[in-house]
Amino acid sequence: MFSPLPLYGVCENLRKLEITGVSCRDVYAKRINPRVKSGRFMKILPDYEHMEYRDVYTCLLHRYRHILGLWQPDIGPYGGLLNVVVDGLFIIGWMYLPPHDPHVDDPMRFKPLFRIHLMERKSATVECMYGHKGPHNGHIQIVKKDEFSTKCNQTDHHRMSGGRQEEFRTWLREEWGRTLEDIFHEHMQELILMKFIYTSQYDNCLTYRRIYLPPSSPDDLLKPGLFKGTYGSHGLEIVMLSFHGKKAKGTKITGDPNIPAGQQTVEIDLAHPIQLPDIENLRNFNELSRIVLEVQEQVRREQQEEEEEGQDEEEGRSRQGDSQQAEQPAQKDDAGAEGTEAAGAAAAQESAPTSQPFVLPVGVISRNEDYPRTCRMCFYGTGLIAGHGFTSPERTPGIFILFDDDRFGFIWLELKSFSLYSRIKVSFQNAEAPSREAFDEMLKNIQSMTT
């Protein structure tokens, strides 16, 4: 009837109680069993006398068991990353935040947004942890399996005695690690103030939608997962790197007013590796731009040829009048073409040197000057740019640089800007996708929310 206890990490936490001198069986006998014997759970647990104490405890978790794992809050363009875990006798929702800009290699920061106390005698108690005055009354509503919402019932606990100015200064120290006076760029000041005004209005009353970690394959260029990346005046943002055959995609988990959370920020064409020029020529932006634009033109011609071949095949099937017989060789040709491209990418990886010198071209802006000076491979890619409010979005050419197993970069040619990405080294539990199809559907859903 219920999922096994280890799914929730409770068994391990109950064993910790025994180490501190509290027996799990005592917890069951004194706190859980009386509630069962009172008849409250008789309908769902008719055989309670024959059940193990941990199985009864799992039943108490049943109401909230679906909210464990990773979630993205619906905070307009900004998004976020929430990790819900079992911790002893609590279920806690931790909001994960990138390190302070531009220190992309620093570890993630996190703060609690809510907790569910599982050992109250009447029922599990939900507490809002937002603000600086300690836990207070909250509420959680499970809308459906992959969606839930939180509500704070005492938002006055979020207010500070110094008013909005004190709240803003405190938020600024936590979010950016500095004061507004330390930020001299006027546009950056506007973006920061806009984010504070927008996000603080929610008062921890949010809707969350489930997200999955990307599935991996031994053939992947590097292990997929979550990365923190530099985005100019917007600071550091969280990106999910996933692989899809001959393509790799970077999807924003957190975003900004230009490119909101859920959008595909970069796409890497693994079938089109790029050989960098020698280090001196690499310093010349025009030389790197020429190389990338030549590959872009090659990709455009290949796409045009594929479209024309597809039209010819469609016309041929119409003339034959037997679409099934004509479809079989077409599928074989497509598979063969894809295999050839994959083999070409694999051959490029094998023939490429293990490392080569790397330096940013003169004129390319980087938030972090402490980027790696050697790289493994480079590929043609496109990056999504747009005006404020996600207006006039377009994909522009760029170059993906693989530095090592945990870091990569992207040069946006049109913006003359460089983004450095570093892996988030956190072992998230209950975050695996049940299937590749479920993961792909999740990507479509989070993108559609901001389109």
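What follows is what I looked up, entry by entry.

**Ground rules**

I am working from a predicted model, in which local features need pLDDT of at least 70 and side-chain atom pairs count only at pLDDT 80 or more, while totals for chains, interfaces and linings use all residues. I number residues from 1 along each chain as its sequence is written, and side-chain values use heavy atoms, with hydrogens and water left out.

**Entry 1: the whole chain**

I found nine helices and 19 strands in the protein. Helices (H or I, at least four residues) and strands (E, at least two) are DSSP runs, numbered from the N terminus. The protein has 451 residues, and 47% of them are buried. Here buried means under 20% relative accessible area, exposed means over 50%, and partly exposed is in between (1.4 Å probe, protein chains only).

I then looked up the contacts (heavy atoms within 4.5 Å). Of those between residues at least 6 apart in sequence, 58% join residues at least 24 apart. The accessible surface is about 23100 Å², with 49% of it belonging to carbon and sulfur atoms. These areas come from the Shrake-Rupley method with a 1.4 Å probe; for residues, only the protein chains shown count as cover.

**Entry 2: the largest pocket**

A note on the term before I use it: on a 1 Å grid over the protein atoms alone, a pocket is an open set of points where a 1.4 Å probe fits, with protein on both sides within 12 Å along at least five of seven lines, and lining residues have an atom within 4 Å of a point. Grid points are joined across faces, edges and corners, and a volume is the space filled by probe spheres set on the points.

Where does the largest pocket lie? It lies between domain 1 (14-207) and domain 2 (217-284 + 354-444), because both give residues to its lining. The domain bounds come from an automatic or database domain assignment.

The largest pocket holds about 940 Å³ of space. I counted 48 lining residues, with Leu97, Lys111, Trp171, Glu175 and Thr199 nearest the centre. Two or more lining residues come from each of β3 (90-97), β4 (109-117), α4 (163-176), α5 (186-200) and β10 (236-244). By class the lining has 22 nonpolar, 15 polar and 11 charged residues. For these classes, Ala, Val, Leu, Ile, Met, Phe, Trp, Tyr, Cys and Pro count as nonpolar, Asp, Glu, Lys and Arg as charged, and the others, Gly among them, as polar.

**Entry 3: the second largest pocket**

The second largest pocket holds about 510 Å³. Its lining has 23 residues, and Tyr231, Gly232, His234, Leu415 and Ser417 lie nearest its centre. The elements giving two or more residues to this lining are α5, β16 (377-387) and β19 (417-423). The classes here are 10 nonpolar, 10 polar and three charged.

**Entry 4: Phe168**

Phenylalanine 168 sits in helix α4. Is phenylalanine 168 buried or exposed? It is buried, at 12% relative accessible area. Leaving out residues up to four places away in sequence, phenylalanine 168 touches Leu180, Ile192, Leu193 and Phe196. Its C-alpha is 9.6 Å from that of leucine 180, which is 12 residues apart from it along the chain.

The peptide bond from aspartate 101 to proline 102 is cis, with omega near 5°. Proline 98 is buried, with a relative accessible area of 11%. Not counting residues up to four places away, proline 98 touches Met108, Arg109, Leu236 and Ile238. Proline 98 and isoleucine 424 are 326 residues apart in sequence, yet their C-alpha atoms are 9.0 Å apart.

**Entry 5: Asp256**

Aspartate 256 lies in the loop between β11 (247-252) and β12 (264-273), and it is buried at 3%. Beyond residues up to four places away, aspartate 256 touches Pro77, Tyr78, His234 and Glu237.

**Entry 6: positive phi**

Asparagine 204, in the loop between α5 and β8 (206-211), has phi near 65°, a positive value in a residue other than glycine. Asparagine 204 is buried, at 6% relative accessibility. Lysine 416, in the loop between β18 (407-412) and β19, also has positive phi, near 50°. Lysine 416 is partly exposed, at 36%.
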